Amino acid sequence: MTDPVLNIPPRDKAEILAQALPYIRKFHGKTMVIKYGGNAMTDPALQADFAEDVVLLKLVGINPVVVHGGGPQIEAALKRLGKTGQFVQGMRVTDAETMEVVEWVLAGEVQQDIVGLINQAGGKAVGLTGRDGGLIRAQKLKLADRQDPSVMHDVGQVGDIVSIDPGVVQALQDDAFIPVISPIGFGEDNESYNINADVVAGKLATVLKAEKLVLLTNTPGVLDKTGKLLTDLSAREIDELFADGTISGGMLPKIEGALDAAKSGVNAVHIIDGRVPHAMLLEILTEQAYGTMIRAR
């Protein structure tokens with residue numbers, strides 16, 4: 001198949017590059033936290049696109065920090081062991097055996113695949129977990145029932161972030177490396193915790209005072225009940241979508257993390273469709289909006 005990019009006349013290519021210049025100038029030296037998940041993480045062509053986008057951002061002076069998920073890979077590994085994943089309000093129930101699987105899948109297989117792809121595309125990626133440099137301290141998550149807050153769900157070794165020490169991430173950024181972070185935290189007794197990757201990305205964006213938080217998903221963004229894309233949402237509108245059940249399941253922690261980041265000073269939070277080739281570049285370096293923007297007000 002012919003690459004459509006090769007058929008673009010040189011003059012048009014130059015115009016496209018020139019249009020990106022104001023955005024490159026605006027975001028030069030800024031940090032962008034990217035939550036990498038969904039089809040973008042499992043489709044080989046989209047994987048290559050993502051790695052190229054991350055390297056390009058770094059080369060033009062933007063500092064990308066990647067936080068990755070790995071739900072499908074964890075599910076596949078559990079299935080091979082004869083275990084079935086269970087979820088409560090979008091959170092994976094994580095017993096001790098499941099936690100072992102989560103650690104070797106996320107911090108081993110998945111993280112190293114991403115690091116390899118970015119390095120292959122010409123970047124210098126370094127893999128981290130929450131243990132590295134004391135990055136993510138966590139405690140056992142107390143999950144209240146959405147319908148009856150007096151009822152608490154035990155979801156095992158699922159973590160709630162206590163604190164984030166960004167020192168190791170900042171040191172890598174200063175040395176031209178691209179951090180790739182697995183969402184695994186550690187507790188007071190050195191126990192491991194599985195933390196929702198969207199939550200980690202949101203908190204990390206806040207601590208790093210990121211210019212943008214970009215969440216790659218398998219949907220065009222946040223949809224209303226008729227399937228129409230909602231391109232711009234405020235905190236009040238999001239509360240209404242929670243209340244009437246429009247936002248539910250795996251979207252809950254994603255939206256909560258995005259809203260928390262927006263309220264805490266991250267300038268823009270975008271939920272975009274990772275199934276669109278180079279969606280991240282289109283979102284960051286063009287006028288066109290791809291997905292849903294979350295704002296505090």
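Hello everyone, let's begin with two helices: the axes of α3 and α4 come within 10 Å of each other and cross at roughly 130°. Axes here are lines fitted to C-alpha atoms, for helices over the stretch in contact, with angles running from 0 to 180 degrees between N-to-C directions. That angle makes α3 oblique to α4. As for the word, angles under 35 degrees count as roughly parallel, over 145 as roughly antiparallel, 65 to 115 as roughly perpendicular, and the rest as oblique. The crossing of α3 and α4 is right-handed; a crossing gets that name if the near helix is turned clockwise from the far one by less than a right angle, and left-handed if anticlockwise.

Before we go on, a word on what we are looking at. This is a predicted model, with residues numbered from 1 along each chain as its sequence is written. Local features need pLDDT of at least 70 and side-chain atom pairs count only at pLDDT 80 or more, while totals for chains, interfaces and linings use all residues; side-chain values use heavy atoms, with hydrogens and water left out. Helices (H or I, at least four residues) and strands (E, at least two) are DSSP runs, numbered from the N terminus.

Which residues make the contact between α3 and α4? On the α3 side they are Gln 73, Ile 74, Ala 77, Leu 78 and Arg 80. Helix α4 brings Thr 98, Val 101, Val 102, Trp 104, Val 105, Leu 106, Glu 109 and Val 110. Contact means heavy atoms within 4.5 Å. Sorted by class, the contact has 9 nonpolar, 2 polar and 2 charged residues. In that sorting, Ala, Val, Leu, Ile, Met, Phe, Trp, Tyr, Cys and Pro count as nonpolar, Asp, Glu, Lys and Arg as charged, and the others, Gly among them, as polar.

Now to the salt bridges. How many does a search of the whole structure find? The count is 8, where a salt bridge is a side-chain nitrogen of Lys or Arg within 4 Å of a carboxyl oxygen of Asp or Glu.

Let me start with Lys 83. Its side chain meets that of Asp 95 in a salt bridge, at 3.1 Å from N to O. Asp 95 lies in the loop between β4 (91-92) and α4 (96-120), and Lys 83 in the loop between α3 (71-80) and β3 (87-88), so the pair ties together parts that are 12 residues apart in sequence. Lys 83 also forms a salt bridge with Glu 97, at 3.3 Å from N to O. This second pair links distant parts of the chain, with Glu 97 in helix α4 and Lys 83 in the loop between α3 and β3, 14 residues apart. Put together, Lys 83, Asp 95 and Glu 97 are linked in a network of salt bridges.

Buried means under 20% relative accessible area, exposed over 50%, and partly exposed in between (1.4 Å probe, protein chains only).

Asp 154 is exposed at 59%, whereas Lys 140 is partly exposed at 38%.

Phi of Ala 176 is near 70°, a positive value in a residue other than glycine. Ala 176 is in the loop between α5 (167-174) and β10 (178-181) and is partly exposed at 39%. Asn 190 also has phi near 70°. Its loop runs between β11 (184-186) and β12 (192-194), and Asn 190 is exposed at 51%.

Last stop: two buried residues. Ser 234, in the loop between β16 (232-233) and α7 (235-243), is buried at 5%. Not counting residues up to four places away in sequence, Ser 234 touches Arg 295 and Arg 297. Ala 262, in helix α8 (residues 251-263), is buried at 12%. Leaving aside neighbours within four places, Ala 262 is in contact with Val 269, Ile 294, Arg 295 and Ala 296.
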